[in-house]
Amino acid sequence: MKKTVLITGASGGIGRATALAFAKSGYNVAVHYNKSHDAAEKLCRELEALGVKAVAVQAEISDRTAVEKMFSETKAALGAVGVLVNNAGIAEQALFSDITEEMWDRMFDVNVKGAYLCTKAALTDMIHEKWGRIINISSMWGISGASCEVHYSASKAALIGFTKALAKEVGLSGITVNCIAPGVIDTRMNGHLSPDIMEELKNETPLNRIGTPEDVAEAILFLAGHKASFITGQVLSVDGGFIL
């Protein structure tokens, strides 16, 4: 039970680095993807080369039936999920006046409803086993808010509230629920930012560098491990000191 991790949005960026980190620590890994089939299958081969089992599982993260099928497939291939990393998410920049209802709903469907559905699917086995780790990936903008990203910031703030409330509810079942709030990370999600903007963001970061997916992955791995067994309901900022 404890050695199977399911990572949503695992085919690239933070998700990929997290999958590799868990595999190197001996976990079997379920690699969730929505459309990036080839990337997910390629990652599985890399993980298997590290001596663990891996399976690529597809799901539209906001669809309950698809999520339940994903967990069934994972359990059949790897056993029950002991660690769930709710990493799948989307981002978008727009003036608040330009955010349509459809844009708002899509943001919350992926970033919040997806975490809700996956967590609900994972909890049955975790409660039965009296052990589990749920790690939600928020953002520093979920803590401080970002101009021109109101819907994104609101969805990431919702994950923080979700984390704190659920931690109080499932603690007696031996399950911890924590949250990571990454800062500016060198991923495809930030690929639209110009070099000048990235340089400005680096200069605004006290550690004077842009974060890497591996920085976030190591924090996630820590929260899943025995050394973090008395940590729950917390938000760990991995942002180089950007938000203090």
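Predicted model: local features only at pLDDT ≥ 70, side-chain atom pairs only at ≥ 80, totals over all residues.

Modeller: Residues are numbered from 1 along each chain as its sequence is written, and side-chain values use heavy atoms, with hydrogens and water left out.

Colleague: Why is α1 called roughly parallel to α2?

Modeller: The axes of α1 (residues 13–24) and α2 (residues 37–48) come within 10 Å and cross at roughly 20 degrees. Angles under 35 degrees count as roughly parallel, over 145 as roughly antiparallel, 65 to 115 as roughly perpendicular and the rest as oblique. Therefore α1 is roughly parallel to α2.

Colleague: Which residues of α1 and α2 meet?

Modeller: Arg 16, Ala 19, Leu 20 and Ala 23 in α1 meet Leu 43, Glu 46 and Leu 47 in α2, where contact means heavy atoms within 4.5 Å. By class, this contact of α1 with α2 has five nonpolar, no polar and two charged residues. Ala and Leu count as nonpolar, Glu and Arg as charged.

Colleague: What makes the pair of Phe 22 and Tyr 27 edge-to-face?

Modeller: The count comes to three aromatic pairs. In the pair of Phe 22 and Tyr 27, the distance is 4.8 Å centre to centre, with 85 degrees between the planes. Rings pair if their centres lie within 6.5 Å; planes under 30 degrees apart count as stacked, over 60 as edge-to-face and the rest as tilted. The pair of Phe 22 and Tyr 27 is accordingly edge-to-face.

Colleague: How do you know that Phe 22 is buried?

Modeller: Buried means under 20% relative accessible area, exposed over 50%, and partly exposed in between (1.4 Å probe, protein chains only). Phe 22 has a relative accessible area of 0%, so Phe 22 is buried. Tyr 27, with 7%, is buried too.

Colleague: Why is the pair of Trp 141 and Phe 242 called edge-to-face?

Modeller: The ring centres of Trp 141 and Phe 242 are 5.9 Å apart and their planes lie at 80 degrees, so the pair is edge-to-face. This pair links distant parts of the chain, with Trp 141 in helix α5 (residues 140–144) and Phe 242 in the segment after β7 (235–238), 101 residues apart.

Colleague: What makes Trp 141 partly exposed, and why does Phe 242 count as buried?

Modeller: Trp 141 has a relative accessible area of 21%, so Trp 141 is partly exposed. Phe 242 has 16% relative accessibility and therefore counts as buried.

Note on methods:
Axes fitted to C-alpha atoms, helices over the stretch in contact; angles between N-to-C directions. Helix = DSSP H or I, 4+ residues; strand = E, 2+ residues; numbered from the N terminus. Phe/Tyr/Trp six-rings, centres within 6.5 Å; stacked < 30°, edge-to-face > 60°.
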